[in-house]
Every structure is written in structure tokens, then in C-alpha cells.
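Here are a few exercises to work through with the model open beside you. Try each task before you read its solution.

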Amino acid sequence: MSMNTAPPAMAAKERRWITSRPVRRFVRHRLAIAGLVMISAIALLCVVGPWMLPHGMLDIHIRDRFSPPGSETYLLGTDAMGRDLAARLFMAGRVSLMVGIAAMVLSTFLGAVIGLVAGYFGKVIGTVLMRFTDAVLCFPQIFLLLVLAAFLEPNALMITIIIALTSWMEIARIVSAEIRSLRERDFVTAARVSGASHTWIMFRELLPNTIGPIIVAATLTVARAILIEAYVSFLGYGIQPPLPSWGNMLNNAQQFLDTAPWLAIVPGVAITLAVTSFNFIGDGLRDALDARSDLQ
Amino acid sequence: MTIRNTNRMNRRTLLRTGAAGMTLLMSNAAVGRLAAQEASGQVVIGFSQEPTVMHPHMPHIEVDEGIHFNLFDPLFIVDTEGNFQPSLAREVPTVENGGISEDGLNWRVKLRDDVTWHDGEPFTAEDVKFTIELNQNPDFNAMRRNGHELVRNIRIVNDHELTWEMAEPFAPYPAILSWTFIVPAHALADAENPNQTDFRSNPIGTGPFSFGERVAGNYILLNANKDYFGEGPHLEQAIFRYIPDMTVLYTQFRTGDIDVIGLQGIQPDRYEQAQQIPDREIVIAPSSAVESITFNMGNPLFQDPEVRRALSLALDRETIVEALYYGIPEKTESFLPRESYYYNEKLPEAEFDPEKAAQVLDEAGWLPGADGVREKDGVRLAFKNSTTAGNNVREQAQQLIQETYASIGVEMEISNLPPAVMWGEYWMMSQFDSVMVGITFTTGPDPDVSNYLHSSSISAQGGAGQNTWQYENERVDELLEQGGRMFVPEKRKEVYDEIQRLVHEDMPFLPMFQYANLRGHKTGLEGFDPNVNVRIETWNLNEWRWA
Amino acid sequence: MLRFLTYRLAHSLLLLFLVSVIGFMILHLAPGGPLSQFALSPGMSQAELEKIAERMGLNRPLPVQYLDWAARFVTADWGESFRDGRAVLDIIFGHLFATLLLILTSTILSVGLGTLVGVLGAMRRYSAYDYLATVGAMVALSIPTFWFGLVAIYVFSLRLGWLPSGNMYTIGDESFLDYAEHLIMPSVVLALVQVAIWSRYMRSSILDVVGQDFVRTARAKGLTRRRVLYVHILRNALIPMITLTGIQLPTLLSGALVTETVFTWPGIGRLFLDSLGYNDYPVVMGVLMFTAMFVLLGNLIADLLVAGVDPRVRLE
């Protein structure tokens, strides 16, 4: 983030972000570091893992189906069609992590822009936008998500968009609240007087000052997006095979709970680990950046 | 946990009707009459879908018919062999007994005179007339008008006899009547709006069971109709329990929470395990639905007969049936169920030979392109295959096929859709490339398949029907029209044998297997007898009893 | 107070209006339609489906359909199910008890347990226990609820046979014990996430209160540690929790939907999923509106409660 455009009035506040204090605090946060290590390991496995396994995720070996973990060449066993579970798990990890991160980027962008515009313009535009945000917040997320998913072609991109469309509201609220408190500050007035455009003030003056809470919320959104993908896939409206995701691996595994429990356990553990990592990191960032969670 | 309510119920009711053994001494006729009063015990049936539509003529799905069969009666029913058996009619009208005129245009039906509705009113010819006319009523939201639309001049001869005329001969009409449940005129005729009646939540029928209560999202309770005119019922109560999850459904069958596992039953991969459960009997119930891969002939790709032939050669039906469906269903070549009298046994068996498939494509000018996928005149041999999202076994079959097709240079992309989208205009108006679907082509036991194969049934071309593969063959059209007007089975069979042969040759769709569903019940339940000619296994609850 | 109420009610009505427009648009603009479920029944054709659609009023212009729906909605006539023709409101009320039972049980469970864990954590800040509780809460927040439910079914129903795997009661039994037996697993599974949230917020809420003047005053007055905890700290720390309960309602309802699915619990969530599967638009729409009203009302009550309990809050 280029901070050099910030006016002198903000310098004191700003130093907090750039100096190493937050970084030091983050590093001291043992859980956050654990989370970072864990998610890096998972991501690495998902990226290189498939190349290190003898079987591809789509190779069907009907005769070897339902092999338990550790049998012969199958590290984590095989599924109902005799496909290597480890290969599928790693490929699914790519999909799930990508969906989670892409949904986060999209929803953060959406939320930040809406929050920024609403907070900056206040009055009519702000009220309209925030009422709209409130209205979307009235729907329990899963309900809204299912209505959308039930009528759209369920590919990875669509699921990402749907998740983003149902999880931008919190960020919008945080940003709009921050902006409203910053709007009347001296440095904004100064910029306005010096003839800066609204867009300039919003994106170059105000937005950088809300980056802390946004980062925290965004990290937690990744965690939630991964979970949400799993929920929607479990309920049958998620990413469709043959593309594996952690969520749809679980959906298929449900019926073999009895005979091949590893099919359910393995992806479930993967989801839990990944989501926990992001939650740990988010928690650490929150402490480090001292962004209080907004109860309003 | 171990003492299940059903068992308790059995013991309790057994004590109440203590003298059960006495019936042995009575004459057969007396037993039949007494059986109803002897009704004892209850049965809990688990369904994974919820029956909600109690009015048998309003739009509904198959699970609803599981209730209709027990609350109502048609004029005659179709048995497991595909024969009609009289129910509310005294005899099944045929050309021989004069019920139907030679030309099929005049009908005469004689009714039983000992039938009463659940509310005590007598059943008369008026009710039959009302039911047929209800299905013609333009204001009524009827599920199907097919066949009923042709009926003219219904005349009531007396309380228990009526006649009508048909606008044209229509051979499937008896089959349609066999699932047309008669509803009471006295309860429905005065309704201001035929679509909004109490009947929907409080149905009155003539059937072996009367409506007890429905707890939405949970269960439906039916009580024995002790005055039932036919056999049974031998059970005092029937509870249809709605258990939306297939795994939970199976678990509850295993633990004994439910006595019978009905629609959609046990998944094939659990067959072996299910057979090990003590005191349970697993039944393979034949279904008339045929699973196939269908091609949209409106797509230039599939207009090439060699492409269809190659895709058939590369379709590994054996592995799909044996490995994915655990050998429970049987491979088939026809769209008619094997049990049908009209089934053509002489159809040549489709071979599985990917090499030959590749050769066929080579010869037809489809040659591998840069990415390994075959092309011809700039068109890639690539298409989508769709089905309802969430059907696991079918998804596995798709993936298996995808792999084999890829090996001969054909790209099949799997693109499954939520049911609302899949079976909407995407299917009806032929917007798909190819689809994997299980379809019942027949009308009950009748072999008429005009709705699926006649060129006038292509909705995408303004027709009325479900010829969604846009199949057009003049000879088949002619034969279908001919067959639809014939009433003598022996002669009719020749026509349908020929239709099956032609369709098998043209391959607008590739039949893979005829469905067989796994159902199960507790040992000791007698009378459970799935019927291939109806859509639900609870069609004969009146015959069920505990040993 | 009156002004506050009027304002909040007007605000809620506006939100409800927006909710209805959003919901209606998503449902009706989507491809496919409520009739596709009949497509595969024998003898069906597109022409026949269109006739049914016309009789059901499904091919009128969208704004007309919306106005028709809205006009009926405000007179408490939420339309009728496409499936069984029953009034939508009746259907929802029919499923309400199950959901309320589940939600209330699990809330009681999570409030109790969450408060305990949170208080202990705050009292022994940075102890091994506190650390463990924090990690535990984070993991609990990260476990997919349905997966936890499946594992629970596997262990307690399939392997051990201790608890029923689903449903709300055994037909014909329906005793208190029978209900309780069926309630254990779903309510614990649903409470999992709530306990985590409660304990986290409780902990930080207490730490907030501890630092405040009146606590120091109370301590200085020589009150016992325990009395300070129970009378002063806990009471004040619980106030923000009321607001939290209101805010958590949508999450709780989402959780209930998933839990009801796993345990075939006949509640609102199950109803919603089924109705969606059968494209029963009136019911889907009804449930969306109902949950929105539930959420709005919950938050209003929470705010009123806070105002009643906390002398510092005045409603303007």
C-alpha cells in the first residue's frame, strides 16, 4: 500500500501500521504463527502433492475401490470408484482454497466499495446503500445462498460469486462506520479544499486508513467461505463432480459413513485444519492491528 | 432404545383382538369379510420424499401415488403381471365382453353396488362421470388430460352403470383408467373453485385406508377402512414416515425404526450389507424406468449416425451395471420394460469395443485434432452431458463414460444442473447436448410411446410431447399411429416389435439398463409385492399383514 | 421510548419491503420453474406444463405477480403451497415448534456453557486453561457443523447405538424422555458454534468490565471477590451478550437449517430445503420473509432488553 500520499496530520496514526509493532505483535501471537505454518503446509501440499503421487485424481481403478488408507500405493485409500483419495484431496484443496480466496477478494472488494461510498456520501446514497446492506443481512446466509444456488449452474466460478454475493455485508458495515468517523477529520477537509476529487479522497485518503479492519475481516472471510462452500456442497447445490472440492468429497462420503468412514474423515479434517488456520491468522491480525470487532 | 414402538403396538393390539386364531375355523368367504374387522398392528413405511398432494388429479409426483393407491380406487387396477383386475368396476371392459365396441369408440362400464365412501355415502356412476369430467374441466388444474380429453357423452344408465363415447380409438385408455382414481362427486362437485377444496387436506376415498392425519414434514397416518369392499386391510394403521436423507432412511431401517424402506430405498452399494441385517428381507423391485444416454438430434454433431454408433460402441454398459450399480439392474436394449408383453427379445445386444468405435469415427472422417479431440469440417467432437446434480451413482457413471470417450478422442464435458433448471425448458425444449436420464416410456402396462418417439411430440418444434431428442422417423410415426388404434394384443405386438427394432437401429438414445430398486421390509410382513406397472411399492397395502 | 419504537418499526418495515423485493426477484428471475418436477411423469408435455403454469398464474408479468403477492402478504395471507395447497403461514407455524425447540435448547446449552468457559478464561487470563479454551473455541468455529453431526451419528448411533440418528420423536411414544433422547445430538451439534462464540465474547466482555471504574469502586468498598464477580462484573458483562444473541440469530438459523438436514429434524430449515427442492415458491418466499421478520424482531427485543437492563442506554 502506498502511504506516501497521506497528509501529515495522519502521520502519527500511520506510523502504527508501518512500524514493526503490529508485525512484532503478530509474530508473538503463537496461534497466528501456527495458523500461518499450517495453511502454508496445506497450500504447498495441494500445489505439489498431486505430482508426487502415483495416481491422478481422475484415474479410475474399479477393482481397488474402497481401499482403506495406507493400502499399497494409496496413501489415504480410495473412493467408490477406486480413485486415489490423496490425489483428490489435494486437487480438491486447490479448488476449495481458490474458491475461498477468490470469494474473499470479490466480497471484500464489493463490501469495501459499498461501505466506502455509503460512508463517504452519507445522506441519501449512504442511507440507501446501508439499508440495502441491512436488508441482505436479514437473510440467514445459508438460506439466501441456497436460493441463489438452486437456480444457477453450479460450477466453481458461480459458487464463488454466490458466496461473495452473500458475504460482503460485514465488510461494508465496518468500512462505512470507519469512513464516517474519518470523514470530518482535518486531512480529509484539507484534501477537499485543495480540490481533490471524490474518487481521490475515497480511494487514496480514506481507504488506506481502514485497511487494518479490512484485512482482519478478509482473513476471517476466507475461513467462512471455505466452510460455506462445504455447506452448500453438502446440501447438494455446490461444486459438481468430477471437479472435486472438499465440500463435495464430503457429500459423496456421507453414504459410506458406515463402510468407508475415511472418505468422510479425511476431507472433514482437511476443512477443519484449513479453516482453523485462517481463523488463527485472523485472530492474530486482529490483536496485532488492534482492530476491535464491531458489535453494531 | 431397543424396545421399538412398533413391537409394542403389535403386542398391544394382539391382546385386544385376542381371538385371532379363531378365524381358522371359518369358511373362506367369511374370512375375506372378517379380515377387515380383524385388522391389527401397524406398519411404518419410510419414504425419502414427502407425499403432500392428497388430491389424486392435481399435479403430483410419484411418492404421492403411494398414498393415493390406498385412499382411492380406480375402476380397475393393473396387477404385477400387467393384467387388469376389476376394482370399482364389476368387470374390466374389453372387446370380448362387450365393454368396448370393436372400433374402440363405445364404452360401457358396470360398477360394484356395495361400495361406500369413507364418509358413508354410497359410491355411484355419478362419481365416475364426475371424475372424468373433472379432468376435462378447463378451470381445473389437472395433472394429465391425456385420454380423458377424448371422452364424449358420458351417460349414466343407472346408479351402477354408465356409457361413453370416444372421439377416436385410443388403445392406451384402459391403462390410463387404471391409474385414474375415482373421487367423490358429493364432496367436490359443489366447489366454487375446483382447485381450492378441503379435499386437499381431508381426502375422502373408497380405498382400503382412510385418511388419518398428516404432520407436515414428518408423517402421514392412514387408518384401516373396516368397510372396504375388497381384500383387507389387515393392518389397523399405516404410517408413512418422511425421512429426507437416504443414509438416515437406511439407518432407521436397520435399527428398526421403520418396518419398510420404500422410495428411494437402499442404495445399490449397500445391498450386500443390507442382506446381513437380521430379520430383514431385501427385495429387488423391478421398475419400468430405463436409464439411457440421450442425444439431442437437433445438434448437428448427433445427426451423424456414425457418431451415435461410435458412442454406443464405446459405452461400457457392463461395468456401469456390474460395478457402479452392483449388478442389481439388468442391461437392456429396449425402451420397454422386460416384463412387458410387448418387449422385443430379439434386439441384438450392443457391443462394447472402443477400438471399433475409433475405427468407425476414422472411417466417417472424424480425425484427431491437435488437442487429441476428433474433428470434422472444423467441428470438434465435443459435447456436454447433463443430469440432475446430486445423484452420486449417476455422476460416477458419467465419469466412467467420460474416461472411455476421452480414450477414443471424444470430449464429454459433465455439466450437471439443479433439478429446477435441468427438467425445465433445458430438457423440455431440447436445449441440451446429451442427457443421462431414467425414463418410464410406457403408459402403465400399455406400450404406447408416441409421447416420446412420434415426430409430432417434439416440444422444441412446437409439438406436444416429450420427444426431447427430436427423433424423426416417418416409418416409426406410422407404426405408432397404427399401434395406438389396435386393441388385439397379439397383432399389436408385431407393430411394437418393429418400432423397437427401428429405434434400436437409429439410436436417438442409448438404453443402458432397466432400473431395479432395492426395497426392504421386516421379516414377517407379508404381501409386500412391488409392481413394475405402477410407480410406487405401496400400491397394495390392503394385502399387507404381519405373520 | 415511543419515538424509538416508531423509528425502529418503520425501519424494520422498510427492510422487510427490501427483503421481499430481493427474495422475489431472485426466485422469479431464475431459470427453471416450479413445474419442472412434473416433467418426467408419464405422458407430460411442454404444452401441458404451460397450461398448468397459466392456471397457476405463473406466466403473468413479474411486477403483477409481486404486487398480487404483496397485497395478500400484508393481510396475513402468505399464499398457498404449490404442493399441498395449504396456507403458507399454517405450514410455517407447523414447523415452527421443532425449530424453536431446537434453537432454544441449544441456546440455553450454549449460553450456560459459553458463559462458564468465558468467565473462567477471563478470570485466569493467559493461563493454560485460557489458552486451551481459546484454541478450542477457534477449532469449534472451524469444524463444518454437518460433518460434526455425521461423525456424531456414526459414533453414537451406528457404532454405540446410544442415541437415535434422527427425527424429533418416535411415533406413538412422544414422551418427554423420547423427545429428550432425540434432542441431544442435534442441540449439541448446533450449540457447538454458539458455545465458541459465546465464550469468546464473554471473555472479552468481562475483561472490558473488569477495567471499568465501578468495579474498582466495588473492590475498594471491600466487597468479596465472588460478590464483585457475580453482582457487578457478570451482570454488566452480560448486557452486550443480549445484543450478541440478537445479532447471532441469522447464524443460528443457518446452523439450524444444516442441523435439521443432518438429523432430519422437521423444522423450518428442513421445510425451506424441501420447498426449494420442489420449487414451491410461495413457501420458499414465506420462509425467507419469516426468517427476516424473526431476525428483525429478535434484534428489536434485544435492544429493548438492553435498554431495560442498562441504565446507560437511552432509547432515542
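**Exercise 1.** Decide whether helix α11(A) is largely enclosed by the rest of the structure, and check its length.

*Solution.* This is a predicted model, so every step below rests on predicted coordinates. Start with burial: a residue is buried if 20 or more other C-beta atoms lie within 10 Å of its own. By that test 21 of the 24 residues of α11(A) are buried, so the helix is largely enclosed by the rest of the structure.

Next, the length. The expected span is 1.5 Å times one less than the number of residues, so the 24 residues of α11(A) should span 34 Å. The end C-alpha atoms of α11(A) are 34 Å apart, which agrees.

Finally, look just past the helix: G236(A) has a positive phi there, of about 90 degrees.

**Exercise 2.** Describe how α4(A) packs on α11(A), and list the residues that meet.

*Solution.* Take the geometry to begin with. Helix α4 of chain A covers residues 85–121 and helix α11 of chain A covers residues 211–234; their axes lie 8 Å apart at an angle of about 135 degrees. Angles over 145 degrees would count as roughly antiparallel and 65 to 115 as roughly perpendicular, so α4(A) is oblique to α11(A). The handedness of this crossing is right-handed.

Now the residues. From α4(A) come S96(A), V99(A), G100(A), I101(A), A103(A), M104(A), S107(A), T108(A) and A112(A). Facing them in α11(A) are I214(A), A218(A), T221(A), V222(A), A225(A), I226(A) and E229(A). Sorted by class, this contact has ten nonpolar, five polar and one charged residues.

**Exercise 3.** Work out which elements of chain B touch chain A, and which touch chain C.

*Solution.* For the contact with chain A, chain B brings 21 residues and chain A brings 18 residues. On the side of chain B, α7 (246–255), α11 (317–324), α13 (392–407) and α14 (419–422) each supply at least two residues. The most comes from α13(B), with six residues. By class, this side of chain B has nine nonpolar, nine polar and three charged residues.

For the other contact, 43 residues of chain B touch 41 residues of chain C. Here α1 (5–16), α7, α14 and α15 (425–428) of chain B each give at least two residues. This side of chain B divides into 21 nonpolar, 18 polar and four charged residues.

**Exercise 4.** How many helices and strands does chain C have?

*Solution.* Count the elements: eleven helices and zero strands. Then take the burial: of the 316 residues of chain C, 47% count as buried.

How values were computed. Residues numbered from 1 in each chain as written. Chains lettered and ligands numbered in written order. Predicted model: local features only at pLDDT ≥ 70, side-chain atom pairs only at ≥ 80, totals over all residues. Contact = placed C-beta atoms within 7 Å. Helix = DSSP H or I, 4+ residues; strand = E, 2+ residues; numbered from the N terminus. Nonpolar A, V, L, I, M, F, W, Y, C, P; charged D, E, K, R; others polar. Axes fitted to C-alpha atoms, helices over the stretch in contact; angles between N-to-C directions. Parallel < 35°, antiparallel > 145°, perpendicular 65-115°, else oblique. Left-handed = near helix turned anticlockwise from the far one by under 90°. Buried ≥ 20, exposed ≤ 12 C-beta atoms within 10 Å, placed from the backbone.
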